[in-house]
Amino acid sequence: MQDDPRYIKRKVTAGSLDVHPTEKALVVHYEVEASILGEGGGHVLGERKEGQKIIRVKSLSPSTDVAALAKKVVEECKLIPSSRLPQVEHLLYYLQNRKSSPVEDKLEKKEKRTAKPRELTPFDGMELNEEAIITQVDDYIELLYEGIPEKIRGAALILQLARNPDNLEELLHNEATLGALARVLREDWKQSVELATIIIYVFFCFSSFSQFHGVVSSYKIGALCMSVVEHELKRHDVWCEELRKKSKSAPENGTLRRDQDKALKKYQGLLAKQEQLLRVSLYLLLNLAEDTRTELKMRNKNIVGLLVKVLERDDEELLVLVVSFLKKLSIFLENKNDMAEVDTVERLARLVPCEHEDLLNLTLRLLLNLSFDSGLRAKMVEVGLLPKLTALLGDENNRQVALRILYHISIDDRFKGMFVYTDCIPQLMQSLYEHSEQETEAELISILINLAANKKNAQLMCEGNGLKMLMKRALKMKDCLLMKMIRNISQHDGATKPLYIDYVGDLAAEIRAEEEEEWVLECLGTLANLTIPDLDWELVLKEYNLVPYLKDRLKPGSAEDDLILEVVIMIGTVSIDDACAAMLAKSGIIPALIELLNAQQEDDEFVCQIVYVFYQMVFHQATRDVIIKDTQAPAYLIDLMHDKNTEIRKVCDNTLDIIAEYDEEWGRKIQSEKFRFHNNQWLEMVESRQADESEPYLYENDNDTADLFYSADGITPAEGSVSPDFFNDLQQQNGDFYHTG
């Protein structure tokens, strides 16, 4: 030891204690931890290995003193601490009273006839060499050619070998083993749930390692498992239907009632075995699904439909497995669409909340994956998940996932108003206040930003000192996201907007060139939303010297387009004040707006907002004269009066109507352009209709057509031409036109 700077340290830890499934023996599970330590005693390399120790008690009989035997077992087996003496005694009592099966008796007789000198068994928890494993397996394979009980026994013994990972490669070399198991599974799985469970468990041991997936697939075990799951689910439906019929026909008392109780107990026993089979089958399929090609094959065989069907069960361990499987599948679009078609969300909703922590967390993560789909988000709201998710905001283990799902729901305008009827907004606001000195959670502030776009939500956020606390923190931390939330609140008319009067100066003070554009954008956007009649914008612009900043930012390329657009909106807002509008007009902002209009003529939002500024300015006498006489704004408006965008046309028409009312020259130009446009539209319609008609004339009588379009009784003269000035003198009265001349 002294010559070698390294030495090995072993530590044995006792595990669970149980009875052997078929023999009169106790099974002690233990774990061996081997560590290689360096010269200084430091850990160099370590390995852990699980094992089993079999304690046979063949002398156990009905007359045996169990207490004395238990004491002897504890004294002789160092793996069992003395504190577990009562448990050993209890297990021995169980073995003493357990009836031996015909299979066990037959095997005992066979062992006596074919007694072999070796003492090694697969239950010793030892690493067996290849020769020993093959020798024992050959004995077990013989049982697979007998009846169902013998097959169960043989498969169980092979399973004990397969549960030790060190034995898998040696088992793999014995091709007869896996081949025999696969054959028995294909032929007999419908005859015995227990036999199918054990054999699938053997292949599950192999499927736990990726390098053995090819072997499992070569025996078509995955396809067999799919068939097993589908068949068992159909059997379960039949059982439920039979129970329903018996429950319906059974009276309150009597023989039928006793028969129903007996049938119910039988169903519960069958259900427990079936769920064990489903669990091991689905675990194997989940392991094989690591390969996306194999997963695609499962999808083609309706794996999603089968898994969603299992969600009706109550076994929590089975549900954990199924939800995990669905979560893995949900990352692919096709699988997500399959889940949408089979009411997955409705069946997941009953699991939220639940006492099983892992099941709840997995369910929420699956719902998060599904919440990227707008249709499934709507389904979540429909089945009542919104208040359930809100209730989870106080659960630290599931808070983040719940927040993300709520964020996805808050994106949709259809559901923003529903948050008012939950406790979500007060909880989120409280969380915001509690972390006032820390960086805001991204999910938290993102939900609040979305919800603030709804008027009722915004009012709820401002209750008490809500807006004051938000504004104080935003200005102190210069938090752009928090200011975005404040900006969304400011867009709503009603009780919330006047609350901003106290903060106009604070916001205006942030509009400076040296501040970050993103921060200025949110502050400027908030001010631009404040269409408050009593607000003196002229004083605000002068006190904080904002006009030079606004004019400078109107130059194309001076800043990001979003900021330039907010500047235009701000100018439109302050132009409501006539004194402020006059000050802006004198500063030369209108030519700057026209230049910006030329540069951004393809952007409908820019065009609409600039036209709206012109609309505001023509209301005031001082700015109206500047717009009409000193700029070419009316000419640009005439060009835009037939724009494809409805909102742009609407604002243009309203602005041009005001200009035409106050300036005769522009009025004639505007009317002439309107007539020219409508006349061209009419001629194009007539020409296209005449070209499309199969008959030579639109009407039966050609004279009727001529009278309609060209008679002196109509508006258009017979020669087909007219001066726009003719229509300037036409006035309408009671729906009829008359000529003023």
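Is Val-323 buried or exposed? With a relative accessibility of 0%, Val-323 counts as buried, because buried means under 20% relative accessible area. Keep in mind throughout that this is a predicted model.

**The whole chain**

Before going further, show the whole protein chain as a cartoon. Its secondary structure comes to 40 helices and 5 strands. Of the 741 residues in the chain, 45% are buried. Now think about contacts between residues with a separation of 6 or more: 67% of these in the protein chain are between residues 24 or more positions apart.

**Around Val-323**

Go back to Val-323, which is found in helix 14, residues 316-329. Leave aside its neighbours within four places in sequence and show what Val-323 is in contact with: Leu-311, Leu-348, Leu-351, Leu-359, Leu-362, Thr-363 and Leu-366. Then draw a distance from the C-alpha of Val-323 to the C-alpha of Leu-364. These two residues are 41 apart in sequence and 9.7 Å apart in space.

Select helix 17 (residues 357-370) and helix 20 (residues 399-411). Their axes are 9 Å apart, and the two helices pack at an angle of about 25°. That makes helix 17 roughly parallel to helix 20, since angles under 35 degrees count as roughly parallel. The crossing of helix 17 and helix 20 is left-handed.

Show the side chains where these helices touch.

The axes of helix 20 and helix 23 come within 9 Å and cross at roughly 25°. Helix 20 and helix 23 are therefore roughly parallel to each other. This crossing, too, is left-handed. Which residues make the contact between helix 20 and helix 23? From helix 20 they are Gln-400, Leu-403, Arg-404, Leu-406, Tyr-407, Ser-410 and Ile-411. From helix 23 they are Glu-443, Ser-446, Ile-447, Asn-450 and Leu-451.

**Helix 33 and its cover**

Next select helix 33, residues 589-599. Its buried residues are Ile-589, Ile-590, Ala-592, Leu-593, Ile-594, Leu-596 and Leu-597. What covers the buried residues of helix 33? The cover includes helix 30 (546-553), helix 31 (561-574), helix 32 (578-586), helix 34 (604-617), helix 35 (621-630) and helix 36 (633-640). Colour each one separately to see how they are placed.

**Rings**

Now show the side chains of Phe, Tyr and Trp. A search of the whole structure finds 8 aromatic pairs. One of them is formed by Phe-206 and Phe-212, which are edge-to-face, with 5.6 Å from centre to centre and 75° between the planes. Both Phe-206 and Phe-212 are buried.

For a pair with another arrangement, select Tyr-612 and Tyr-615. Their ring centres are 6.2 Å apart and their planes are at 35°, so the pair is tilted. Tyr-612 and Tyr-615 are 3 residues apart in helix 34, which puts about one helical turn between them. An α-helix has 3.6 residues a turn, so residues three or four places apart point the same way. Tyr-612 is partly exposed, with a relative accessible area of 31%.

Tyr-201, Phe-204 and Tyr-283 form one aromatic cluster.

Two charged side chains are also placed over rings. Arg-624 lies over the face of Tyr-662, 3.8 Å from the ring centre. Lys-669 lies over the face of Trp-666, 4.5 Å from the ring centre.

**Two last stops**

Select Leu-69 in helix 1, residues 66-76. At 15% relative accessibility, Leu-69 counts as buried. Not counting residues up to four places away in sequence, Leu-69 touches Val-57, Leu-60, Thr-64 and Leu-92. Leu-69 and Val-57 are 12 residues apart in sequence, and their C-alpha atoms are 8.9 Å apart.

Finish at Asp-338, in helix 15, residues 333-341. With 18% relative accessibility, Asp-338 counts as buried. Beyond residues up to four places away in sequence, Asp-338 touches Arg-299 and Val-304.

Note on methods
Residues numbered from 1 in each chain as written. Predicted model: local features only at pLDDT ≥ 70, side-chain atom pairs only at ≥ 80, totals over all residues. Heavy atoms only, no water. Buried < 20%, exposed > 50% of the residue type's maximum accessible area, 1.4 Å probe, protein only. Helix = DSSP H or I, 4+ residues; strand = E, 2+ residues; numbered from the N terminus. Contact = heavy atoms within 4.5 Å. Phe/Tyr/Trp six-rings, centres within 6.5 Å; stacked < 30°, edge-to-face > 60°. Lys NZ or Arg CZ within 6 Å of the ring centre and 35° of its normal. Axes fitted to C-alpha atoms, helices over the stretch in contact; angles between N-to-C directions. Parallel < 35°, antiparallel > 145°, perpendicular 65-115°, else oblique. Left-handed = near helix turned anticlockwise from the far one by under 90°.
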